[in-house]
Amino acid sequence: MKFTISAMCSALMLPFMLATSVLAGSAEVVVENAWARASIGTSRPGAAYMEVRNGGDEPVTLTALRTDLATMPEVHRTATDEQGVSSMSPAGRIVIAPSETVAFEPGGLHAMLMQLQRPMKEGETFPLTLTFSDGGETTVEVPILGIAARGPKD
Ligand SMILES: [Cu+2]
C-alpha cells in the first residue's frame, strides 16, 4: 500500500514561497505499510506502525500526530534495558534525513493512540495525520489487523 501526501498546509501558510517549496520538505514524505492491531474495547491505548520515508533532499521533522480515533496520539519509543525490562516514553520530534526511512514497529517507535474514542475493530481503517515542522501534513489510512498481528504482511 502506498500513500502520498498533501502539502496543502505549507502551501497555504507560505504562498509567497510556493515557487521554491513545492517539492521540498514534508511534501516529499511518503508513508508506507501502515497498520495497527485491533483492540479490546477502549480502556487501553492502541498503537499504529508504519514506515515514513523522506524522498526529498532536505531533512524533515515529524512534530505531532492527529487522528479522530484517539484524543491523545503521541509518538513513543520503546526501549529495553540491560535487565530486559522494556518501557516506553514520548519520543519527541523525529528528524528524518534525506532519503532515509524511519520505521515505526513493535518494540521501537510507535504511534501511541491514547484515549481511544471507539474500539479498534479488525477490518476497519482510521485516518492518521502526521504533522511536520514546515507546516506540511501527511494523512494515511491505517488498516486495523487482527489482535495478534505482527506486521502488515502477516
Ligand atoms: Cu507507547
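I call a residue buried under 20% relative accessible area, exposed over 50%, and partly exposed in between (1.4 Å probe, protein chains only).

**Ground rules.** I am working with a predicted model, where local features need pLDDT of at least 70, side-chain atom pairs count only at pLDDT 80 or more, and totals for chains, interfaces and linings use all residues. Residues are numbered from 1 along each chain as its sequence is written, and side-chain values use heavy atoms, with hydrogens and water left out.

**Copper site.** I looked up the protein donors (N, O and S atoms within 2.8 Å of the metal, or 3.2 Å for Na, K and Ca; water is not among the atoms, so sites may look incomplete). For the copper ion I found H76 (ND1), M88 (SD), H110 (NE2) and M112 (SD), at 1.9 to 2.2 Å. The angles between these four donor atoms run from 95 to 120°, so the arrangement is tetrahedral (four donors, all angles between 85 and 135 degrees). I also checked accessibility: H76 is buried at 7%, whereas M88 is partly exposed at 43%.

**Salt bridges.** My rule is a side-chain nitrogen of Lys or Arg within 4 Å of a carboxyl oxygen of Asp or Glu, and the count comes to three.

- R53 pairs with E32, with closest N and O atoms 3.4 Å apart; R53 is partly exposed at 27%, while E32 is buried at 16%.
- E137 pairs with R66 at 3.0 Å, and R66 is partly exposed at 43%.
- D68 pairs with R118 at 3.3 Å; D68 is partly exposed at 48%, and R118 is partly exposed at 30%.

Methods. Four donors count as tetrahedral if all angles lie between 85 and 135 degrees; four count as square planar and six as octahedral if opposite donors are over 155 degrees apart and all others between 65 and 115; anything else is irregular.
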